[in-house]
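Biologist: Please take a close look at a single part, the open sheet, and describe it in plain terms.

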Amino acid sequence: MKIVSISYPLTSEQRNDLGIPQIAAIGQFDGIHLGHASVISTAVDLAREEGIPSAVITFYPHPKDVMRKGNYEGYLTPQLDKQKLLADMGVDILYVVDFNEELSQVSPQDFVTEMLMPLQLHTAVVGFDFRFGFKGAGRADMLHELSGGTIQVVTVPPFLIDGEKVGSSSIRAALYNGQVSDATRWLGRYYRIRGTVIHGEKRGRALGFRTANLELEDHYVTPALGVYAVWARCNSNDDWLPGVMSVGLKPTFHDGIVKPIYEVHLLDFDGDLYGQTMVVDVVQFIRRELKFNSVDELIKGIRSDVDKTREILAR
């Protein structure tokens, strides 16, 4: 998959280099959940039928983050994760549009004429609730008109599971509340984070449960503070290993920590992981973070978490 960074307006050089007939799915696509997948796969399938490249046009940073609109603390799929998922879906070209204050002020007409038309879009594939341009004034059905009829438009209906629309906001809310099973159903896969194993306080080793402290590679959505059953994989080993992940502020030992700490205890594993990249798939929420009255109580709690994790991951 070719990855192209662009900004508004396209330069003359970009117009010459990028202007080829193509079919593009347009949207933010944070999460690449099942609803997004239905839009993107429609674009890929149409492009294959027409014999022209398929593309995705997305925006970074998130427009709501730039506009300070809504609760967008972190990403479900940071750019590197998004790129991998889109490549696996068969997308030929990914356009990453620099979203800034200037672009937020652009009218729907100018966005079409100065950004989309120079790309020579054959067809724009968008979700039913797609909006674009200043204050979201542009609707999906306006893309054809504003392009003077040169861009065809396919609008994909909402993707429903049990009668409920799949959306990024719902997935975020599910993670915030520890409802991991809902997030998994709507994503169509486990929620995944990625980080580098760094040195911590080494307290887990003293307790009999060595943990890998993760420094996340990007600004992910933080799930509910607590304990999770996970599958994890490191770059030195292709195997997925069972584990228990703690996301929390370590209240048993500390006061005043405000940034959540991610720690993963790999079951039945003993090796040096420092400096390695660890990928973690979040399978199930076990319990909320607790403040234990003693170290013995903490050890008993961790043992219980391990037992529950073995049971969950054995299913």
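Modeller: Two strands pair if DSSP finds at least two bridges between them. Helices (H or I, at least four residues) and strands (E, at least two) are DSSP runs, numbered from the N terminus. This is a predicted model, in which local features need pLDDT of at least 70 and side-chain atom pairs count only at pLDDT 80 or more, while totals for chains, interfaces and linings use all residues. Residues are numbered from 1 along each chain as its sequence is written, and side-chain values use heavy atoms, with hydrogens and water left out.

The open sheet has 6 strands in the order β1-β4-β3-β2-β5-β8, and their pairing is parallel. At the edges are β1 (2-6) and β8 (152-156), each of which pairs on one side only. From one strand to the next, the twist averages 25 degrees; axes are lines fitted to C-alpha atoms, for helices over the stretch in contact, and angles run from 0 to 180 degrees between N-to-C directions.

Within this sheet, strand β2 (residues 22-26) and strand β5 (residues 121-127) run parallel and are joined by 4 bridges. Gln22 stands opposite Leu121 in β5. Helix α6 (residues 108-116) packs on the sheet and touches β1, β2, β3 (54-60), β4 (93-98) and β5, where contact means heavy atoms within 4.5 Å. The direction of α6 makes about 125 degrees with that of β3.

Strands of a sheet pair through backbone hydrogen bonds, either parallel or antiparallel; in this sheet the pairing is parallel.
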